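Work through the exercises below with the sequence and the structure at hand. Try each task before reading its solution.

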Amino acid sequence: MRSLRYLSLCSGIEAASVAWGPLGWEAVGFCEIEEFPSAVLAHRFPAVPNYGDMTQLEGRNLGTVDIVVGGTPCQGFSIAGKRGGLADERSGLAMHFVRIVSDIRPKWIIWENVPGVFSTNGGRDFGTFVRALAECGYHLAWRVLDAQFFGVPQRRRRIFVVGHLGDWRHPATVLFESESLCGNFAPCRHTTAATTARAASGSGTSRGTARVTQSLTHSFGCGGADDNRAQGGFYIPVVPPLTTTPYADNAWQEGRLISVARCLTSRAERYDFETETLIPSHGVRRITPLEAERLQGFPDGWTNIPWRGRPAPDRLRYRALGNAMCVNVMRWLGERITRYGHA
């Protein structure tokens with residue numbers, strides 16, 4: 001079976017490549033204009049060209065591309081923004097995504113954004129976007145996926161649109177497991193109390209469990225809340241726990257408990273073993289860039305690159321991670337395409 005080749009648009013720090021590299025997929029190129037994420041790409045993927053501004057990209061010159069993937073800017077769709085939708089210059093890049101797809105005509109497309117895209121302009125913006133893709137010949141399915149069910153301790157709801165050129169059954173099979181259609185709904189969750197988070201299994205059904213300690217609602221980066229606010233960020237129902245074993249080793253094995261590491265401590269902090277919470281002496285501490293990387297499923301130190309002759313500043317690392325996709329979710333999508341839709 002031939003390795004799939006993909007083009008990543010609005011690449012950020014490349015969650016797609018971290019997720020799909022172990023699958024043997026090959027990156028044709030990236031499109032990223034921000035300086036720090038571009039430096040991360042150059043440092044981590046020196047052999048992959050970064051074409052920069054996607055509005056200037058001519059897709060016909062890239063050769064064979066099997067998948068076009070991208071999470072175009074969410075500012076115009078976010079419930080915390082001005083809700084300009086496609087009329088917003090940044091969120092309007094979604095239509096350039098369509099243009100590039102039309103030029104390349106890959107077999108697969110994957111597009112990610114905030115759930116607010118469903119409601120801007122009375123839902124007509126999302127309708128315009130999917131209609132444009134359908135007119136290019138793509139059969140589409142979409143679903144809101146939450147990162148907390150894929151082995152990371154944060155709530156991060158995103159819509160994923162999956163399209164296939166020529167067969168409607170493929171995107172539907174990739175996004176929707178048969179088990180999810182039986183009418184068994186997930187229980188209500190509370191973000192400020194001790195709770196249990198589910199970890200996705202190999203079938204996509206959340207049967208494994210990850211213990212989650214008593215939590216505090218905490219936002220960081222440039223955002224907050226379900227919709228991630230205007231510039232990206234995390235909504236973190238759980239600050240302390242982090243998985244201690246790699247994603248590939250534990251996230252998809254049915255019934256296996258995901259081990260959870262206790263949080264970082266300092267002399268000014270103590271750990272309450274009864275409630276399993278970190279008790280700071282001076283309020284809630286900010287999570288570290290390393291913890292932010294783990295919350296998104298990236299390898300430790302992924303954004304810790306040389307930057308202008310010194311280590312990368314935390315503020316740039318937080319911003320880049322807050323705007324990234326969750327690696328675990330992208331891996332799940334890649335595995336589903338490999339298993340059910342690689343035809």
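The model is predicted: local features need pLDDT of at least 70, side-chain atom pairs count only at pLDDT 80 or more, and totals for chains, interfaces and linings use all residues. Residues are numbered from 1 along each chain as its sequence is written, and side-chain values use heavy atoms, with hydrogens and water left out.

**Exercise 1.** Check the span of helix H4 (residues 124-135) and find what its buried residues pack against.

Step 1. Helices (H or I, at least four residues) and strands (E, at least two) are DSSP runs, numbered from the N terminus. The expected span of a helix is 1.5 Å times one less than its number of residues. For the 12 residues of H4 this gives 16 Å, and the end C-alpha atoms are 16 Å apart, so the two values agree.

Step 2. Buried means under 20% relative accessible area, exposed over 50%, and partly exposed in between (1.4 Å probe, protein chains only). Among the buried residues of H4 are Phe126, Phe129, Val130 and Leu133.

Step 3. The buried residues of H4 pack against helix H3 (93-104) and strands S4 (108-113), S5 (138-146) and S6 (157-165); contact means heavy atoms within 4.5 Å.

Step 4. Glycine 137 follows H4 and has a positive phi, near 105°.

**Exercise 2.** Describe how strand S1 (residues 5-9) and S2 pair.

Step 1. Two strands pair if DSSP finds at least two bridges between them. S1 and S2 have five bridges, in the parallel sense.

Step 2. Tyrosine 6 stands opposite alanine 27 in S2.

Step 3. From S1 the chain passes through helix H1 (residues 15-20) to S2, in a right-handed β-α-β crossover. Right-handed means that, with the strands pointing away from the viewer, the path from the first strand over the helix to the second runs clockwise.

Step 4. S2 (residues 26-31) is largely enclosed by the rest of the structure, because five of its six residues are buried.

**Exercise 3.** Which residues have the most contacts inside the largest nonpolar core?

Step 1. A nonpolar core is a set of buried Ala, Val, Leu, Ile, Met, Phe, Trp, Tyr and Cys residues joined through side-chain atoms within 4.5 Å.

Step 2. The largest has 51 residues, and Trp20, Ile67, Phe298, Met330 and Leu333 have the most contacts inside it. Helix H9 (residues 327-341) gives the most to this core, with six residues.

**Exercise 4.** Find the polar partners of glutamine 296.

Step 1. Glutamine 296 is buried, with a relative accessible area of 0%.

Step 2. A polar contact is a pair of N or O atoms within 3.5 Å; within protein, one must be able to donate a hydrogen and the other to accept it, and residues adjacent in sequence count only if both atoms are side-chain atoms. The side chain of glutamine 296 makes one of 2.9 Å with the side chain of glutamine 154, and reaches the backbone oxygen of leucine 321 at 3.0 Å.
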